[in-house]
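Subject: Structure for you to look at

Hello,

Here is the structure I said I would pass on. Please open it beside this message and follow along; my notes come after it.

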Amino acid sequence: MIRESFGVSTTHFDDFLREATTADPGSEKGLGEEQLFGLYTSWCALNGCPPESADALWAGLGARGIVPRQNTLSMTGPAAADYILSSAPDLI
């Protein structure tokens, strides 16, 4: 397993991005930091892996050219559903 400076495998964040996000280039505003971290922790829970710190996530995204405060990402997949239901339990 390849490790980065924060001790996270290269594929960990790649898998998260591939499975839980989608690029929406036409979007004026992507996911905020709180949404990104919440989506990430939901993805980790569903995949049985411990989440890294927010700083590690920001570094991992930055290494992939994604700026957490300015992106065009949107949620997708099971982690998106989990995050949305966890964030708004009155929807159930």
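The structure holds four salt bridges, a salt bridge being a side-chain nitrogen of Lys or Arg within 4 Å of a carboxyl oxygen of Asp or Glu. Side chains of opposite charge can pair when their charged atoms come close. Before the details, note that this is a predicted model, in which local features need pLDDT of at least 70 and side-chain atom pairs count only at pLDDT 80 or more, while totals for chains, interfaces and linings use all residues. Residues are numbered from 1 along each chain as its sequence is written, and side-chain values use heavy atoms, with hydrogens and water left out.

One of the salt bridges joins Asp 14 to Arg 64, with 2.5 Å between the closest N and O atoms. Asp 14 lies in helix H1 and Arg 64 in the loop between H3 and strand E2 (73–75), so this pair ties together parts that are 50 residues apart in sequence. Helices (H or I, at least four residues) and strands (E, at least two) are DSSP runs, numbered from the N terminus. Asp 14 is partly exposed, at 29% relative accessible area, and Arg 64 is partly exposed at 23%. For these words the cut-offs are: buried under 20% relative accessible area, exposed over 50%, and partly exposed in between (1.4 Å probe, protein chains only).

Which residues are linked in a network of salt bridges? They are Asp 15, Arg 18 and Glu 19. Between Asp 15 and Arg 18 the closest N and O atoms are 2.7 Å apart; both residues lie in helix H1, three residues apart, about one turn of the helix. An α-helix has 3.6 residues a turn, so residues three or four places apart point the same way. Arg 18 also meets Glu 19 in a salt bridge, at 3.7 Å from N to O. Arg 18 counts as exposed, with 55% relative accessibility, whereas Asp 15 is partly exposed at 22% and Glu 19 is partly exposed at 33%.

Now the chain as a whole. The protein chain has four helices and two strands, and from the N terminus on its elements run α-β-α-α-β-α. Of its 92 residues, 33% count as buried. Its accessible surface comes to about 5400 Å², of which 54% belongs to carbon and sulfur atoms; these areas come from the Shrake-Rupley method with a 1.4 Å probe, and for residues only the protein chains shown count as cover. Among contacts (heavy atoms within 4.5 Å) with a separation of 6 or more, 71% are between residues 24 or more positions apart.

Next, the interior. In soluble globular proteins, nonpolar side chains tend to be buried together. A nonpolar core here is a set of buried Ala, Val, Leu, Ile, Met, Phe, Trp, Tyr and Cys residues joined through side-chain atoms within 4.5 Å. The largest nonpolar core has 18 residues, and those touching the most other members are Phe 16, Leu 39, Tyr 40, Trp 43, Leu 57 and Leu 61. Two or more residues each come from helix H1 (10–20), helix H2 (33–47), helix H3 (54–63) and helix H4 (77–87). H2 gives the largest share, five residues. Leaving aside neighbours within four places in sequence, Leu 39 is in contact with residues including Phe 16, Leu 31, Met 75 and Tyr 83.

His 12, in helix H1, is buried, with a relative accessible area of 11%. Not counting residues up to four places away in sequence, His 12 touches Tyr 40, Trp 43, Cys 44, Cys 49, Pro 50 and Glu 52.

How do H2 and H3 pack, and at what angle? The angle is about 100°, and the axes are 11 Å apart; axes are lines fitted to C-alpha atoms, for helices over the stretch in contact, and angles run from 0 to 180 degrees between N-to-C directions. H2 and H3 are therefore roughly perpendicular to each other, a label that covers 65 to 115 degrees, with under 35 roughly parallel, over 145 roughly antiparallel and the rest oblique. Glu 33, Leu 36, Phe 37 and Tyr 40 in H2 meet Ala 54, Leu 57, Trp 58 and Leu 61 in H3. The buried residues of H3 are Ala 56, Leu 57, Trp 58, Gly 60 and Leu 61.

Regards
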